[in-house]
Amino acid sequence: MTKIESWGRLSTPAHTLVTLSSVTNAPDIIANTRGPSLPYGNGRSYGDSCLNPSGTLWETRALDRLISFSSESGLLTCEPGVLLADIQRLLIPRGWTLPVTPGTQLITVGGAIANDVHGKNHHRHGSFCDHVTTLELARTDGKRLTCSKEHNTDWFAATAGGLGLTGVILSATIQLKTACGPWLTTESIPYHSLDEFFFLSDESESEWEHTVSWIDCTSQRGVRGIFMRGNPSPRRDIPEERPQKLSLPFIPPMSLVNRFSLPLFNSIYFHQQSKRTGIQIQHYKPFFYPLDSIKHWNRAYGRRGFYQYQSVVPRKHREDATAEMLNEIKRSGQGSMLAVLKTFGARQPPGLMSFPMEGVTLALDFPNRNTTTLKLFERLDAIIRAAHGRIYPAKDARMPRELFELGYPNLQKFQNFRDPGISSSLSRRLTGS
Ligand SMILES: Cc1cc2nc3c(=O)[nH]c(=O)nc-3n(C[C@H](O)[C@H](O)[C@H](O)COP(=O)(O)OP(=O)(O)OC[C@H]3O[C@@H](n4cnc5c(N)ncnc54)[C@H](O)[C@@H]3O)c2cc1C
């Protein structure tokens with residue numbers, strides 16, 4: 001048994017690891033594994049959706065081959081363990097990019113599909129699975145299914161955002177988007193109220209492909225943050241790759257993020273960023289993946305680890321619900337500098353269990369202070385429940401089952417596509433199996 005932790009480092013349960021290293025052998029291995037098992041990508045999910053304590057994890061990182069690529073159509077077929085970072089690194093210089101990419105590129109294609117991940121351009125390009133044209137699924141009964149928006153469409157919809165519970169994805173075909181080069185034209189604008197944030201978001205949707213904002217969850221002077229927007233730049237030169245230098249080499253005994261360091265950091269960050277407003281040409285990495293430059297940054301929260309609470313509320317409740325949540329968080333003195341507020345557009349989700357809905361999403365890290373933190377989450381849950389919102393399973397380690405059922409109205413339908421040989425800590429907690 002090997003101890004495995006997810007990105008939030010809340011626990012390190014023991015697992016039996018089974019490495020899948022060839023798509024030819026993988027279906028037999030999957031069919032012959034005994035007991036509850038779960039596909040595992042790169043462990044970048046914060047909570048327990050990628051954990052299966054005392055059970056088996058099928059490691060997929062070694063399934064990392066690019067199978068085919070057409071430089072005419074931009075169709076890429078690859079194995080599920082390929083990292084988004086590798087696709088970006090290899091194909092941006094050839095004029096193609098992933099159309100949707102989350103806040104880290106250190107995730108696998110399998111993980112991106114299983115959580116139907118979103119980026120900063122949901123209003124323009126939806127979520128990851130909107131661009132997956134076909135996927136191959138291996139089930140524990142030995143069956144293999146090819147699913148697309150034309151064939152086995154219901155299996156496709158169940159697997160997009162299906163939390164790895166419908167089978168193991170063995171390959172995927174993704175429609176990439178043309179790219180001039182690795183640069184973006186970006187603009188940062190400080191904002192001083194939620195009204196201003198929503199005005200900037202709405203106003204930017206037609207002209208800007210990417211929008212996101214950092215929000216100061218500690219400010220005693222009302223709401224403030226930095227709104228960032230970006231568009232692909234025509235600049236084409238490819239800078240030399242620089243090796244990653246920054247790292248947090250040890251786990252501090254207690255969180256470096258606390259009620260003393262947090263307001264100080266936020267205030268310095270807000271004032272520094274407020275001076276850097278205006279248009280810039282920026283490489284895609286610091287714009288899309290600012291945290292990837294610090295290896296093991298998740299250790300900063302100390303031995304007890306941390307939670308991320310990411311919710312979305314529908315557009316009609318966006319002002320009130322966001323204000324209420326921010327007030328609760330501020331009153332609690334918890335939270336962290338990693339706080340993101342952004343809007344999602346009006347789009348039909350590709351998956352039965354896709355997280356995004358038209359509205360606003362707030363994502364915040366919280367150092368684990370046990371019941372103090374969990375009590376705050378109960379108060380935030382009440383706001384989400386009243387606003388008919390939902391919580392993102394990719395980030396979750398504790399949402400109540402009833403809130404999951406309310407937030408995901410297709411859950412019953414989804415359950416029909418579950419693979420009975422697969423379960424996770426999250427699925428047992430939220431569905432009983
Ligand atoms: C710094 C940071 C920023 C992030 N920003 C965003 C963001 O902006 N938007 C967003 O949507 N998410 C974001 N995330 C969350 C992350 O994108 C998702 O949790 C993603 O699913 C992690 O992928 P992974 O490869 O690490 O998979 P894991 O975390 O290992 O697994 C995730 C799920 O995928 C399943 N899975 C993995 N491989 C397969 C396979 N081959 N077949 C079937 N199922 C499989 C697992 O069973 C599990 O349910 C962020 C995470 C971090 C750490």
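How many salt bridges does the rule find across the interface of domain 1 and domain 2? The rule finds 0 there, a salt bridge being a side-chain nitrogen of Lys or Arg within 4 Å of a carboxyl oxygen of Asp or Glu.

The model is predicted: local features need pLDDT of at least 70 and side-chain atom pairs count only at pLDDT 80 or more, while totals for chains, interfaces and linings use all residues. Residues are numbered from 1 along each chain as its sequence is written, and side-chain values use heavy atoms, with hydrogens and water left out.

**View 1. Domains of the protein chain.** The assignment gives domain 1 (2-59), domain 2 (66-179) and domain 3 (183-241 + 249-407); such bounds come from an automatic or database domain assignment. Over C-alpha atoms, the centres of domain 1 and domain 2 are separated by 20 Å. Their contact (heavy atoms within 4.5 Å) takes 14 residues from domain 1 and 18 residues from domain 2.

**View 2. The interface of domain 1 and domain 2.** About 1200 Å² is buried between the two domains, 70% of it on carbon and sulfur atoms; buried area is the accessible area (1.4 Å probe) that two parts lose on being put together, summed over both. Within domain 1, Val23, Ile30 and Arg44 lose the most area to domain 2, together 38% of what that side buries. One side of the contact draws at least two residues from each of α1 (26-32) and β3 (37-40), namely the side of domain 1 that touches domain 2. Helices (H or I, at least four residues) and strands (E, at least two) are DSSP runs, numbered from the N terminus. To this side α1 gives the most, with 4 residues.

**View 3. The annotated span.** UniProt, in an unreviewed entry, lists residues 10-179 for "domain: FAD-binding PCMH-type"; annotations may be inferred rather than shown by experiment. The end C-alpha atoms of residues 10-179 lie 39 Å apart, and the span is 19% helix and 27% strand.

**View 4. A salt bridge in helix α2.** The side chains of Arg89 and Asp86 meet in a salt bridge (2.9 Å, N to O). Because these residues are 3 apart in helix α2 (residues 84-91), about one helical turn separates Arg89 and Asp86. The structure holds 21 salt bridges.
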